[in-house]
Amino acid sequence: MAHITPNKYRPLYATIYLVLFLSLATLVKLKAPLIASFDTAVQKLLLPITNPSMTDFVDKLTFLGGPEMSLIYCLLLCLIVYLLHDVYNAIWALLTVVGCNLINWIVKNLVARPRPSDRLVEIGGYSFPSGHTFGTALFVLLVFVLFLPHLHNQGIKTLLHVLGVLWIIVIALTRIYLHVHYPTDTIASVLLVGFLFECSLMLSEAYLKKHPEQQHNNA
């Protein structure tokens with residue numbers, strides 16, 4: 001496997017993600033009326049389809065995007081990359097997974113936003129940001145970066161991009177439907193993982209500039 005293609009716009013992307021995330025986190029921490037209004041409006045959109053059968057289905061579906069499952073997906077991805085003799089990217093991906101999840105846990109405990117009181121399933125912990133959405137988005141981004149560039153069929157690449165984005169949206173919606181997260185929790189997860197992922201890519205680029213021999217050491 002080839003190394004990740006450098007992108008001069010990564011610092012800009014990371015900055016945009018960070019500014020948007022910090023703005024959202026600040027509004028949530030301050031309990032801004034705008035946030036409450038937005039969350040309530042989105043939650044109301046899902047009320048017409050809320051029923052016991054749908055809840056049971058969504059509860060099973062959301063399990064597939066849980067933090068534990070996403071961690072398993074990511075670790076399997078790292079193993080596949082390693083078995084394909086790309087040791088550098090396997091280590092980079094593993095460190096990215098560990099580092100991103102650690103920071104997400106720290107942020108969740110710093111913001112300490114209580115979960116919605118009307119949740120449809122029992123769950124503990126804090127609400128902001130959504131761990132399910134975060135883990136799913138991280139896994140999808142790793143697939144995008146490590147595997148999609150090596151596909152030559154543009155149609156398949158486009159399809160996988162669409163399916164990846166849809167999977168993130170589906171998992172986010174399951175959390176909102178179950179009222180275990182506010183809509184802004186899921187948006188925050190995407191912004192945070194976007195920032196952290198871009199930072200990880202930039203660190204990798206900086207390392208490879210100092211150690212160009214790593215470009216040829218995968219055997």
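The model is predicted: local features need pLDDT of at least 70, side-chain atom pairs count only at pLDDT 80 or more, and totals for chains, interfaces and linings use all residues. Residues are numbered from 1 along each chain as its sequence is written, and side-chain values use heavy atoms, with hydrogens and water left out.

**View 1. Surface and charges of the protein.** The protein has 14 positive and 11 negative charges, whose mean positions are 6 Å apart. Lys and Arg count as positive and Asp and Glu as negative, without His and the chain ends; each charge is placed at NZ of Lys, CZ of Arg, CG of Asp or CD of Glu.

**View 2. Helices of the protein.** The protein has 8 helices and 0 strands; helices (H or I, at least four residues) and strands (E, at least two) are DSSP runs, numbered from the N terminus. Along the principal axes, the C-alpha atoms fill a box of roughly 55 × 35 × 30 Å.

**View 3. Ser-200 in helix α8.** Helix α8 spans residues 183–210 and includes Ser-200. Ser-200 counts as buried because its relative accessibility is 12%, buried being under 20% relative accessible area (1.4 Å probe, protein chains only).

**View 4. Surroundings of Ser-200.** Apart from neighbours within four places in sequence, Ser-200 is in contact with Trp-92 and Thr-96, where contact means heavy atoms within 4.5 Å. The side chains of Ser-200 and Trp-92 make a polar contact (2.9 Å). A polar contact is a pair of N or O atoms within 3.5 Å; within protein, one must be able to donate a hydrogen and the other to accept it, and residues adjacent in sequence count only if both atoms are side-chain atoms.

Key. Buried < 20%, exposed > 50% of the residue type's maximum accessible area, 1.4 Å probe, protein only.
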